[in-house]
Amino acid sequence: NAGVTQTPKFQVLKTGQSMTLQCAQDMNHEYMSWYRQDPGMGLRLIHYSVGAGITDQGEVPNGYNVSRSTTEDFPLRLLSAAPSQTSVYFCASRRDRVSGNTIYFGEGSWLTVV
Amino acid sequence: GENVEQHPSTLSVQEGDSAVIKCTYSDSASNYFPWYKQELGKRPQLIIDIRSNVGEKKDQRIAVTLNKTAKHFSLHITETQPEDSAVYFCGEGGSGTYKYIFGTGTRLKVLA
């Protein structure tokens, strides 16, 4: 198993551009989520999904959209990039919505908005 | 809403000494508390976790203790080694929500 795979690893965007961060998992996990990591702020939840066709907002959802058309994929869309969205983004998955299951992170995507 | 406070934000210890990182949570329904280690430029990886029906769990040099009454849990690393240098995150998950919330992280430096 490849686990959780994110692309791209590095990206530079101009303010106002849009882009999609891709995330795929091959573990047949029901639950997938996106976090952003900023210095001193830890890992903050952006959006999550408890199954195909179901998504919900986390702590910091503004400026981001998600969809979950398949169990495997959970893309994160930046609609109009802003410098405040410069961050490291981690996709994560776990087996199901039950609390107590290990969450597995992807390798991260470093995004810079200029 | 859910909140996890983590202290200290940075911690320096001499090699061989112990390190303790503490987290405090607010949601009394929380029942799962993982600890993640993140090396520079890498993804966070689970090192130990504890469920609310257990007060302490140990795995070699790493242990986690949970005090449900006080709503805090701690990571203990004994006999620290340079390779323990990393950022450590605590997390909490509740039976009433689907979300894991993480603390702000502790940067541990083990000085040789």
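How many residue pairs are in polar contact between chain B and chain A? In this predicted model, local features need pLDDT of at least 70, side-chain atom pairs count only at pLDDT 80 or more, and totals for chains, interfaces and linings use all residues. Residues are numbered from 1 along each chain as its sequence is written, chains are lettered from A in the order in which they are written, and side-chain values use heavy atoms, without hydrogens and water.

Six residue pairs, both at pLDDT 80 or more, are in polar contact between chain B and chain A (a pair of N or O atoms within 3.5 Å; within protein, one must be able to donate a hydrogen and the other to accept it, and residues adjacent in sequence count only if both atoms are side-chain atoms). On the side of chain B that touches chain A, nine residues are nonpolar, eight polar and five charged (Asp, Glu, Lys and Arg count as charged; Ala, Val, Leu, Ile, Met, Phe, Trp, Tyr, Cys and Pro as nonpolar; the others, Gly among them, as polar).

The contact (heavy atoms within 4.5 Å) involves 25 residues of chain A and 22 residues of chain B. About 1,900 Å² is buried between the two chains, 55% of it on carbon and sulfur atoms; buried area is the accessible area (1.4 Å probe) lost by two parts on being put together, summed over both. In chain B, the most area is lost to chain A by B:R43, B:Y98 and B:Y100, together 38% of what that side buries.

One salt bridge is found across the interface (a side-chain nitrogen of Lys or Arg within 4 Å of a carboxyl oxygen of Asp or Glu). B:R43 forms a salt bridge with A:E107, with the closest N and O atoms 3.2 Å apart.
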